[in-house]
Amino acid sequence: MKLLQISLLVCATLLATSCQSKVKKNTLSENSENVAVDKEELQEEIKLSPQQLSKYETAYFASGCFWCVEAIFESVKGVKEAVSGYAGGKQKNPTYEEVGYGKTDHAEAVEVYYDPNEISFTELVQVFFGSHDPTQLNRQGPDKGRQYRSIAFYKNDEQKQIIESYIQALTDNKVYDNDPITTEIVPYTIFYKAESYHQDYEKNNPNNSYIKNVSVPRLNRFKENFGDYLKKSAH
């Protein structure tokens, strides 16, 4: 129910946020547009090099286990890559063991590479809030500890205002009843990429019990409520 409420709020927010709306490209015909989309999504199936990714914008979020969060953002149109890693703390070069056992103040986070001509930062914020429960303090589902806390990072004042305005909209519409939203709004400083075996973990480990029982159900709940945001391959 809460995800449905959020999806309705997404529609209202998109209508009210004209400066953040996606840029639409004119095409000669509906068929040519479909061909262009198919070609684009085929390219997205191929891993882009760091040089290719460097031409896109980045955004950073934390909302529980990064295996789940990475898979959710990679299912979204306009997102070229999502990378699992660590952010929000001060320790340099943290390891999975250090973060996972709460030995740092970092959170498991994702670095999202996106094309602002296809998806706006506002819409990424909507994906973020629509794919987890931001009222859970220092946890998400079965994962407990500050390393699993909810964080929305911002790079400038405009992004900060977008996050704050969306949280206010969620609060005003009582999407979570009277439960307070615990999401931290934090300036982005640095992101540490996680170990290579964590990247695309859900895709590469479909038989893992956590993936089957936690990650996949979470991804499917997101897909049910945000179908218009999904890449064709994610449906």
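This report covers the aromatic pairs, nonpolar cores and cysteines of a predicted model.

## Aromatic pairs

Across the whole structure, a search returns 13 aromatic pairs. In one of them, phenylalanine 128 and phenylalanine 129 have ring centres 4.8 Å apart and planes at 70 degrees, so the geometry is edge-to-face. Phenylalanine 128 and phenylalanine 129 are buried.

Phenylalanine 129 also pairs with tyrosine 166, with 5.6 Å between the centres and 40 degrees between the planes, a tilted arrangement. Because phenylalanine 129 belongs to helix H6 (residues 121–130) and tyrosine 166 to helix H7 (residues 157–172), this pair ties together parts that are 37 residues apart in sequence. Tyrosine 166 is buried, as is phenylalanine 129.

Phe128, Phe129 and Tyr166 belong to a cluster linked by ring pairs, which also takes in Phe61, Phe73 and Phe121. A ring contact of another kind involves a charge: lysine 155 lies over the face of tyrosine 188, and the distance to the ring centre is 6.0 Å.

## Nonpolar cores

The largest nonpolar core contains 46 residues. Within this core, the residues with the most contacts are Phe61, Phe73, Phe121, Leu124, Val125 and Phe129. At least two core residues come from each of strand E1 (57–63), helix H4 (66–74), strand E2 (79–87), strand E3 (107–114), H6, strand E6 (150–154), H7 and helix H9 (209–225). The most come from H4, which gives seven residues.

## Cysteines

The search of the whole structure finds zero disulfides. Cysteine 65 is in no disulfide, and the nearest cysteine sulfur to it belongs to cysteine 68, 4.5 Å away. For cysteine 68, the closest cysteine sulfur is in cysteine 65, and the 4.5 Å between them is too far for a bond. The cut-off for a disulfide is a sulfur pair within 2.5 Å.

Are these two cysteines buried or exposed? Cysteine 65 has a relative accessibility of 6% and therefore counts as buried. Cysteine 68, with a relative accessible area of 3%, is buried too.

Conventions: Residues are numbered from 1 along each chain as its sequence is written. This is a predicted model: local features need pLDDT of at least 70, side-chain atom pairs count only at pLDDT 80 or more; totals for chains, interfaces and linings use all residues. Side-chain values use heavy atoms; hydrogens and water are left out. Rings of Phe, Tyr and Trp (its six-membered ring) pair if their centres lie within 6.5 Å; planes under 30 degrees apart count as stacked, over 60 as edge-to-face and the rest as tilted. Buried means under 20% relative accessible area, exposed over 50%, partly exposed in between (1.4 Å probe, protein chains only). Helices (H or I, at least four residues) and strands (E, at least two) are DSSP runs, numbered from the N terminus. A charge sits over a ring if NZ of Lys or CZ of Arg is within 6 Å of the ring centre and within 35 degrees of the ring normal. A nonpolar core is a set of buried Ala, Val, Leu, Ile, Met, Phe, Trp, Tyr and Cys residues joined through side-chain atoms within 4.5 Å.
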